[in-house]
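Please consult the sequence and the model while reading.

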Number of protein chains: 2
Amino acid sequence: MTIHLTDTGDNAALKACTHEYQVSCGNCRLNSICLPLALESDDIQQLDDIIQRSKPLQKSQHLYREGDDFQSVYAVRSGTLKAYKTTDDGREQVTGFYFPGEILGMDGISNNSHASSAKALETVAVCEIPFTSLEKLSTLMPNLQRHFFQLMSREITEDQQLITLLSKNSADERVASLMLSISTRNARRKLSSTQFRLPMSRVDIGNYLGLTVETVSRVFSRMQKMDILLVDNKEIEILDVDSLRRMANLSA
Amino acid sequence: MTIHLTDTGDNAALKACTHEYQVSCGNCRLNSICLPLALESDDIQQLDDIIQRSKPLQKSQHLYREGDDFQSVYAVRSGTLKAYKTTDDGREQVTGFYFPGEILGMDGISNNSHASSAKALETVAVCEIPFTSLEKLSTLMPNLQRHFFQLMSREITEDQQLITLLSKNSADERVASLMLSISTRNARRKLSSTQFRLPMSRVDIGNYLGLTVETVSRVFSRMQKMDILLVDNKEIEILDVDSLRRMANLSA
DNA sequence: TTACCTTCTTGACTTGAATCAAGGCAGGCA
DNA sequence: TGCCTGCCTTGATTCAAGTCAAGAAGGTAA
């Protein structure tokens, strides 16, 4: 039996998941994001068979920790996670935020142990994809192999975007870019691209963007004063996308 | 016929490559870096068959450019390359340096077009690995598939290291880290870990580390004054590794 | 050899973001 | 209801790295 997953909005994690573990990839409304593949229905069945849909994670619980044995990669079904590394001197570096449909954990493949930790920013449901099964299946399904090569390659290019952002852009540009990125990712999930609730704290934003909390806060205030954003704590409304784009210094 | 590659030192590119195209992976002295695999000799033969060893690139020539169709990934045989992206406002962001035994070009997989450009910093010889052949071979050789998953995962974790460096560390720490990284990579190739010639300019170093040339130059001067490094233009000698490590703020 | 050009270094000054410090606000709990 | 406690904001000050400017050193070509 499969049940259609009716809502994967960020607050719907519990509702969506406690009773609806048995979603299949074929039915999942996120499959266009996480599995944009020309797979035969038979293939999808095989993939479904290896994927484990376990009970949801509560806010601030870890999906995995840096140094844990690497077993699986994970697709986010609902909710948001942050990935972070702890530096040698004990500070934290947020390396990414993961929204529904996105896949995390691939940095663990190289050493057979997770290179970063993943923590739920709110209630989260994930699909667990055991990596050895995925490898075996990939040798049988060239499309799937290619898909995972592409996913990892995308992660590389996204990291390179972040490197450029950190290396070249001002505080304003960094915050503007993150807002645009979240906006785009919401649009992909058919959610509003102009109004959303930030799942992460100012500290996390600052940490991700290489800025202090105070700077992040000041940038938000400035953008509000310029009528680019409407900021009410974590609720964000983009009032002027064009100005935001200009501020982010991105032509695309 | 295969000829043993006698020298892959950075200046030996021309000598090594104009007459010695026919090296095989089985004989290549870099294979412990680029192919640390338990492959049967028959497997290695199959891999050899798809790899193309073309004529060397001269300094400042491009191996590929951002936006080029993605066909292959490349293993560096001798010499050094830099990878860089051009930002929307026309500036350059160096995303990595690639030394002999290292593999580049994997960021092109996700879009079937190269996400960055690769330019020779000196005379360079590469092994070209056509990606579609590699994919096919990977479905037949699970070890090879796993190896490429691992290589890509390593690229991700290295990018995350750089993100952390850019986001959290001072100019001194960044330059110290790069010197240690180059030192380590030299050691892997059985070259001196304490004395080497930087293949890249100060501009490239600054660009990679998110610093200006002037700052890079000042850091080198400071390190020289502290008897940590001996700097003579591009010739570097590490006088005090422990202090350099302390300066880089890395316990490892 | 000189002349030119690029790359590197050093100094003086400026500036954007960090730090330090104080208060405000919202949500949870007694 | 009111009081914590943990976020978030705002202001004043400091500082690390950027900018601007000048000159030195190294490589290349005539």
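Is Asp89(A) buried, partly exposed or exposed? With a relative accessible area of 38%, Asp89(A) is partly exposed; buried means under 20% relative accessible area, exposed over 50%, and partly exposed in between (1.4 Å probe, protein chains only).

The model is predicted, so local features need pLDDT of at least 70 and side-chain atom pairs count only at pLDDT 80 or more, while totals for chains, interfaces and linings use all residues. Residues are numbered from 1 along each chain as its sequence is written, chains are lettered from A and ligands numbered from 1 in the order in which they are written, and side-chain values use heavy atoms, with hydrogens and water left out.

## Salt bridges

Over all chains, the structure holds 20 salt bridges. A salt bridge is a side-chain nitrogen of Lys or Arg within 4 Å of a carboxyl oxygen of Asp or Glu.

| Pair | N to O distance |
|---|---|
| Arg91(A) and Asp89(A) | 3.0 Å |
| Arg146(B) and Glu135(A) | 2.5 Å |
| Asp242(B) and Arg245(B) | 4.0 Å |

Arg91(A), the partner of Asp89(A), is partly exposed at 34% relative accessible area. The salt bridge of Arg146(B) with Glu135(A) crosses between chains, from helix α5 of chain B to helix α4 of chain A. Helices (H or I, at least four residues) and strands (E, at least two) are DSSP runs, numbered from the N terminus. Arg146(B) is partly exposed at 26% relative accessibility, whereas Glu135(A) is buried at 10%.

Asp242(B) and Arg245(B) are separated by about one helical turn, because they stand three residues apart in helix α9 (residues 241-248) of chain B. Asp242(B) has 48% relative accessibility and is partly exposed; Arg245(B), at 37%, is also partly exposed. Elsewhere, a network of salt bridges links Lys82(A), Glu92(A) and Asp204(A).

## Helix α4 of chain A

Glu135(A) is one of the buried residues of helix α4 (residues 131-140) of chain A, which also include Phe131(A), Leu134(A) and Leu137(A). Among the elements that cover these buried residues are β8 (125-130) of chain A and α4 (131-140) of chain B.

## Cysteines

A disulfide is a covalent bond between the sulfur atoms of two cysteines. By the criterion used here, a disulfide is a pair of cysteine sulfur atoms within 2.5 Å. A search of the whole structure finds zero disulfides over all chains. For Cys34(A), the nearest cysteine sulfur is that of Cys25(A), 6.2 Å away. Cys34(A) is buried, at 17% relative accessibility. Cys127(B) is in no disulfide either, and the nearest cysteine sulfur, that of Cys25(B), is 6.2 Å away. Cys127(B) is buried, with a relative accessible area of 10%.

A residue is near a strand if one of its heavy atoms lies within 4 Å of it. There are 17 residues around DNA strand C, and those that come nearest include Ala171(A), Thr215(A) and Arg202(B). Sugar and phosphate account for 65% of the atoms of DNA strand C that come within 4 Å of the protein.

A polar side-chain atom of Ser217(B) lies 2.9 Å from a phosphate oxygen of DNA strand C. Arg218(B) places a polar side-chain atom 2.9 Å from a base nitrogen of DNA strand C. The largest share of this surface, four residues, comes from α8(B).

Note on methods. Polar contact = N/O pair within 3.5 Å; in protein donor to acceptor, adjacent residues only side chain to side chain. Contact = heavy atoms within 4.5 Å.
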